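Hello,

Here is the structure I promised to pass on. Have a look at it first, and then read my notes below.

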Amino acid sequence: QAARMDMVDVSNNNGYMSTAEYVSMRNEFGVKAVTVKISEGGTYRDPYAASNIANVQAAGMYINGYHFAHYATKAQAIAEADFAGRTAKAAGLPVGAVLATDVEAEEQNCQFKATNDRNNAAFMKEIQKFGYRADIYTSGSWANNKMTIKGKTGWIAGYPFSPAGKKWYTNNNAWQWSGSAHFRISYGGFDVSQLYTDYYTAGQKSTVKPTNKDAVKRS
């Protein structure tokens with residue numbers, strides 16, 4: 001009896017994922033939402049983002065995205081958010097989905113807490129211009145140490161030796177409790193999270209009024 005597998009996150013590391021695999025996760029393991037890697041830094045686009053988004057939607061699950069951050073300045077954070085937002089649009093991530101910033105890289109490890117807070121805030125404000133909702137993913141050791149995670153925000157990673165019956169980071173949106181979960185018809189290990197709010201399973205119609213109309217042109 002482990003923690004719940006409410007949400008799975010996938011990236012290029014998992015390779016191509018079929019609709020059937022997502023349906024199996026949903027029906028056999030109770031997965032409600034999938035968060036897919038969209039981009040990293042200022043130039044990397046996940047080559048599986050578009051197929052993951054389409055196949056998760058075909059399986060009838062909530063879809064979100066994340067960007068692996070390398071920013072060390074406010075200007076870099078804004079530039080990475082613009083890149084992530086454009087890449088997410090091109091890959092088909094729907095307006096109203098979460099597009100979280102994944103903050104765990106060496107660039108942020110070298111910063112003061114106040115600098116990371118300023119940079120994260122800049123990314124999160126900028127990503128909303130594309131019609132996405134923002135959040136921060138980081139490790140439990142970094143949360144409120146390397147950066148501030150306020151109130152009902154945050155997707156926090158912490159891997160107990162035995163997750164049975166545990167509830168960590170209940171003041172946040174989600175707790176990623178394993179990086180090596182296995183599913184019946186899928187190869188390899190997966191990151192799985194327990195959700196405490198509906199942030200990652202709702203809101204996929206934007207209430208954000210984009211300030212940059214060119215950024216959110218529909219194809």
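Which residues does Ala202 touch, leaving out those up to four places away in sequence? They are Tyr62, Gly96 and Arg133, where contact means heavy atoms within 4.5 Å.

Before the rest, some housekeeping. This is a predicted model, where local features need pLDDT of at least 70 and side-chain atom pairs count only at pLDDT 80 or more, while totals for chains, interfaces and linings use all residues. Residues are numbered from 1 along each chain as its sequence is written, and side-chain values use heavy atoms, with hydrogens and water left out.

Back to Ala202, which sits in the segment after β9 (strands are DSSP runs of E, at least two residues, and helices runs of H or I, at least four, numbered from the N terminus). Ala202 is partly exposed, because its relative accessible area is 24% (buried is under 20%, exposed over 50%, partly exposed in between, with a 1.4 Å probe and protein chains only).

Lys125 belongs to helix α5, residues 113-127. With 63% relative accessibility, Lys125 counts as exposed. Lys125 and Ala81 are 44 residues apart in sequence, and 8.8 Å separates them in space, C-alpha to C-alpha.

Best wishes
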